[in-house]
Amino acid sequence: MNIRVGLGYDVHPFTTSDSDRRLVLGGVQIDHPGLIGHSDADAVAHAVSDALLSPAGLGDLGTMFPSTDERYRDADSMQLLGEVVAAVHSAGWRVGNVDVVISAERPRLSGFVDAMVANIASALHSLQVGDEGVFVAVQPKRGEGVGAIGRGDGIAVRAVALLVRAEV
């Protein structure tokens, strides 16, 4: 097949309010308590990475960067996304588009969407199809009080990516 679709998902609980860790989503630092995770817990970068790795036949983020490996403790997940991009490119794929949905009751994320889109698009630049760049969309959604996300216990992210076989 010359096209493949990948779905990525990531979820992390919030740290305690007295933690030094700040929230990072799509490479954007937000003045809010961060998420618990081995790396910087950037759930957006993680979901996008998995959406790229799976359809390229390269496994998942946890296989590529295991949480048991201390080299990745507090790692910048956008840098890890850059390594994912290089691996997907080496496997012969380009990105048509990426769509991200962030489920979070708090904080309000609408003011950070443009910066997240720019960061993700920048990380994907070597995987673009054509000269127009990769189309990236980020949609923040509230949990409306339903479940752990709606209670504000953490953040969940889903990402979909369209991969197109690179011309040889």
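The legends below describe close-up views of a predicted model. Residues are numbered from 1 along each chain as its sequence is written, and side-chain values use heavy atoms, with hydrogens and water left out. In this predicted model, local features need pLDDT of at least 70 and side-chain atom pairs count only at pLDDT 80 or more, whereas totals for chains, interfaces and linings use all residues.

**View 1. Helix 3 crosses helix 4 in a right-handed sense.** The axes of helix 3 (residues 77–90) and helix 4 (residues 113–124) come within 9 Å and cross at roughly 35°, each axis being a line fitted to C-alpha atoms over the stretch in contact, with angles running from 0 to 180 degrees between N-to-C directions. Helix 3 contributes Met-78, Leu-81 and Val-85 to the contact, and helix 4 contributes Asn-119, Ile-120, Ala-123 and Leu-124, where contact means heavy atoms within 4.5 Å. Of these residues, 6 are nonpolar, 1 is polar and none is charged.

**View 2. Leu-52 belongs to the largest nonpolar core.** This core has 46 residues, a nonpolar core being a set of buried Ala, Val, Leu, Ile, Met, Phe, Trp, Tyr and Cys residues joined through side-chain atoms within 4.5 Å. Helix 1 (43–53) gives the core its largest share, 8 residues. Leaving aside neighbours within four places in sequence, Leu-52 is in contact with residues including Leu-81, Val-85 and Leu-124.

**View 3. Asp-69 lies in the loop between helix 2 (61–64) and helix 3.** Asp-69 counts as buried because its relative accessibility is 18%, buried meaning under 20% relative accessible area with a 1.4 Å probe and protein chains only. The side chains of Asp-69 and Arg-71 are joined by a polar contact of 2.6 Å, that is, a pair of N or O atoms within 3.5 Å, one able to donate a hydrogen and the other to accept it.

Definitions and conventions. Helices (H or I, at least four residues) and strands (E, at least two) are DSSP runs, numbered from the N terminus. A crossing is left-handed if the near helix is turned anticlockwise from the far one by less than a right angle, and right-handed if clockwise. Ala, Val, Leu, Ile, Met, Phe, Trp, Tyr, Cys and Pro count as nonpolar, Asp, Glu, Lys and Arg as charged, and the others, Gly among them, as polar. Buried means under 20% relative accessible area, exposed over 50%, partly exposed in between (1.4 Å probe, protein chains only).
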